[in-house]
Amino acid sequence: MNTFLFSSILLVCLFLTARADDDKCYALALQGGGDKASYQAGALAQLIEKASDTTHYDVVTGVGIGAINAGILASHEKGDELAAAQEILDFWNDLDSNDVYKNWKWGGAVRGLLFKTALYDSRPLRKLIQKTVKTPVRPFYVLATKARDGRPKVWDESTDLDTLHKAIDASTAYPGFFDPVEDIDDEVYYDGGTSFSINIADAINRCRDMGFAEENIVLDVILNTAATIKEKETKDYTSIPMLIRYLEIRLFYNTMDLLERAKDGFRTVNFRYTIAPTSKLDSGLLPFNFSKKQIQNNLQKGREDAQRAIDQGDNVMTDLLIKYTDLKNAHQYEGDYHDFLEENDKL
């Protein structure tokens, strides 16, 4: 009995000591973004490599293809971030469009448009996710949208791996381009970004559930949406460029609305680094062009923007991005995020 009591006291002391040594909960929220998520991979790698002491993330959330990046990170123990970052970089360096989707056997995209639920056959993506994402060993959330009622559905690390793979597949299922997922619970699910393009609330609330006060929660957010929306003449756009223009505008403002609401709702949380593209990301005619050159360019841009956030310090880039968005919403600024940052640097 005495031995048991002593062991119990020792365990409590060890717990309290560990908590005292690390009194912050570090959370990471990754947005979706199709082929632009290589930018996110570069930004995350830079954060982990250059700010390694404060990027041992306790909680990770992902939406869309950001859920794949998040899933790889979550499959590594906390403290093993460098290995996780390298695995994410390897994933993107090896990625090819054929790993994600293929044309239908006869009729191609025309068959998809007229007779299928998507333009492309995205069954290769499910296989890629199954090969890539392992069992999570830290808190992890993936979000998709239920087609029947438009509500978000969230799965966490307690979900069995087979279902988790399906959930990630659903989160990345861009409506019209990739097949929705119908084999989880007799519901139809697709792109998480349709309802919530980034999942900040679950990241923060999980830290709170773990016993951390809001002022001891540190959140990093990595976006893929172009904060580089300049005013441009679009009257000569054909259907695909007009669709891409619509998607980049909608996704950016939807995400910024979620970010601003979260910052207003969790006022004492440290929104440390919010990293968003400061230059136009490389992309193809369609939002799923995984060319090697494009991937490398976006990886480098992600690294540069992450380093800028580190150099600026806590909260600076978050506040600047929100200020830029507010000015755009008020029609008081015509330039893009890069222009805005350059003007701010001169002040």
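Helices (H or I, at least four residues) and strands (E, at least two) are DSSP runs, numbered from the N terminus. The model is predicted: local features need pLDDT of at least 70 and side-chain atom pairs count only at pLDDT 80 or more, whereas totals for chains, interfaces and linings use all residues. Residues are numbered from 1 along each chain as its sequence is written, and side-chain values use heavy atoms, with hydrogens and water left out.

**The whole protein**

The accessible surface comes to about 16100 Å² (Shrake-Rupley method, 1.4 Å probe; for residues, only the protein chains shown count as cover). Carbon and sulfur atoms hold 52% of that surface. Of the 347 residues in the protein, 52% are buried (under 20% relative accessible area; exposed is over 50%, partly exposed in between; 1.4 Å probe, protein chains only). Among contacts (heavy atoms within 4.5 Å) with a separation of 6 or more, 74% are made by residues 24 or more positions apart.

**Select Cys25 and Cys207**

A disulfide is a pair of cysteine sulfur atoms within 2.5 Å, and the count by this rule is 1. Cys25 and Cys207 form it, with their sulfur atoms 2.0 Å apart. Distant parts of the chain are linked here: Cys25 lies in strand β1 (residues 25-30) and Cys207 in helix α8 (residues 200-209), 182 residues apart. The angle about the S-S bond is -70°, and the link of Cys25 and Cys207 is left-handed. Cys25 counts as buried because its relative accessibility is 0%; Cys207 likewise counts as buried because its relative accessibility is 0%.

**Select Trp92 and Phe290**

Rings of Phe, Tyr and Trp (its six-membered ring) pair if their centres lie within 6.5 Å; planes under 30 degrees apart count as stacked, over 60 as edge-to-face and the rest as tilted. By this rule there are 12 aromatic pairs. One of them is the tilted pair of Trp92 and Phe290, at 6.2 Å centre to centre with 35° between the planes. Trp92 belongs to helix α4 (residues 81-94), while Phe290 sits 198 residues away in the loop between β7 (270-275) and α10 (292-312). Both Trp92 and Phe290 are buried.

**Select Tyr324 and Phe340**

The rings of Tyr324 and Phe340 are also tilted, 5.7 Å centre to centre and 50° between the planes. Helix α11 (residues 316-329) carries Tyr324 and helix α12 (residues 337-346) carries Phe340, 16 residues apart. Tyr324 and Phe340 are both buried.
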